[in-house]
Amino acid sequence: MLQLKTRNALFLLMYAVPNTILSFGIVYIINNALAGKEGLLGADTGWLFLGLVICTYALNIFFQRQLNRYSFHLLYENEKHVFGKILRSSLPRLEKFGSKRFFTAVEDLRTFSFLPYAVTHTVNSLLMLVLCIIYMFSLSVIAALVIMLMIAVLAGVYLYVVRAMSKKVRTLRSYNEQYFQYVDDVMKGFKELKLSFFRRENLMNKFLVPNRNNARDLDFRINYIFLSIGLVSQYGLYFVVGLVLFVLPFTGWLSTADIIAYVVMILFISGPVNNLINLQQIFTRFRVANGRIKKFMSDFEMLEDVPEQAPEISAGFNDLVFKNIHFNYDNDAGETMFSLGPVDLQVNNNETIFIIGGNGSGKSTFINLLTGLYKPSAGQIVLNGEDGPYCREKLQSLIAAVFTDNHLFSQNYETFSLDGNPEYGRLLQLMQLDKVVGEDSEAAARRKFSKGQSKRMSLIFALLEQKPVIVLDEWAADQDPHFRKYFYEILLPQLKQQGKTVIAVTHDDAYFHLADRIVKFDKGIIVKDVRVKTDVLHSEAIWS
Ligand SMILES: Nc1ncnc2c1ncn2[C@@H]1O[C@H](COP(=O)(O)OP(=O)(O)OP(=O)(O)O)[C@@H](O)[C@H]1O
């Protein structure tokens, strides 16, 4: 994620070295002018001083601009990258990690907006410190060693604290991840929360408040520790100045002029030293954010061979065969919670198949396998007699689906448009939505609908995809009795007439006789697969 490439390091050096030398030149002039060195109080030195200030200013402006450009490029490119990872991730993976991982990854990325500030100050401070130390050594080796020792002690303490802080920052991030889970619960379960005082109170007092209090205390502790170290460094430098002013003169290691130079130098390096210390907090946060983003990237790494370009579109649909298909839901401990299979099934072109079975029998799991959203753990899927690579992608190019928890997108991401689309107008009428939607604009199609209307709109969008296979998961469950009857008795036969293959999960036993075939699931396996004849249905209650 965040890597210092050779090109970036060279760029940093090209800026930092001249900038530090120029800045040091400024200190050198101040120092020697204060010490009253001859030849440094004239107009020429004044002009030189002014020139140095203007040059460092110009250099900083140029560098800051480049660094800002690089950082924001990094930030926004990674936002796109994270988004792409989610889009390309598999459904089981998204179900496992949840949407909160996405939100915290985006938040982690935002940490890097501090990168330009942190890098500039670190590089400048470090180089300035090195030059000042060299200068001090040129004045007196022993006095410089004493001061170096004190700085080394301070640095040791910082390193120790920073290491301890990383763990705390990681804990803070996991509190925030949990917090996003609560935000998600509030957004998605808002009505249920509104309805129950106790539910609201419990969410607030037993979960959110302790979480936020723990996060607040930890955040405070982290900031306080960093602040304390910052203050120790500031006041520690006064201590060093005191040492130089009131102790070193008695050692005879430094002349009076050198003592002034030392004090100026120490006061001057106090800025860089304080910067370096205060920056540790930002670097600790960078380190944690970087680690978490890397983890996010690896968790959402594709193990499956998903083609990057548009999938090959299958010419048409003849048949689909599931041979000995298995799929398991495993928990984190590797234990299987539910197992589907072995499933052996053939879906033929232009069939209307109803998938039935009790709650939790595996119907939706099967639909996820059928639509290629889940990859079978074992078995073979053969499409139109072929089971080669990208069979799942080819299958997906033939299927349009409306899932139980359908979603109407806020924008048109499709390859078709709605404006002036005669097929869209026809489907609006067919779904008896023409009076609700009124016009063929995008805005009208993406307004707020009732649940039943929204399912009808989703079916319109699915049909507009012009794919030969339509998969519907409990589509009619939200329809009123009139439209439900219309769906089974008019719409489904019309789709069949148009040559579509329809696979519909349903509990509507009153309409089972309208299917060509009924496939019944129980405990993850197909227990019945019958061709429908009205007399069979009446004599045998296959759904019981
Ligand atoms: N993402 C998941 N992770 C773990 N277990 C799951 C997951 N989705 C479903 N299950 C489990 O798999 C089993 C089958 O679920 P599935 O949704 O396929 O049933 P269904 O037949 O569609 O039920 P319903 O009629 O209630 O919609 C259930 O026991 C369920 O708890």
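Predicted model: local features only at pLDDT ≥ 70, side-chain atom pairs only at ≥ 80, totals over all residues.

Biologist: At what angle do H1 and H10 pack?

Modeller: Helix H1 (residues 6-34) and helix H10 (residues 256-299) pack at about 145 degrees, and their axes are 9 Å apart. Axes are lines fitted to C-alpha atoms, for helices over the stretch in contact, and angles run from 0 to 180 degrees between N-to-C directions. Helices are DSSP runs of H or I with at least four residues, and strands are E runs of at least two, numbered from the N terminus.

Biologist: Which residues of H1 and H10 meet?

Modeller: Val27, Ile30, Asn31 and Leu34 in H1 meet Ile260, Ala261, Val264 and Phe268 in H10, with contact defined as backbone-placed C-beta atoms within 7 Å.

Biologist: Now the sheet: what is its strand order?

Modeller: The order is E5-E6-E7-E3-E8-E9, in an open sheet of 6 strands with mixed pairing; two strands pair if DSSP finds at least two bridges between them.

Biologist: Which strands stand at the edges?

Modeller: Strand E5 (399-402) and strand E9 (525-531) each have a single partner strand, so one side of each is left without a neighbour in the sheet.

Biologist: In what sense do E5 and E6 pair?

Modeller: E5 and strand E6 (residues 469-473) are parallel, over 4 bridges. Ala400 has Ile470 in E6 as its bridge partner.

Key. Residues numbered from 1 in each chain as written. Contact = placed C-beta atoms within 7 Å.
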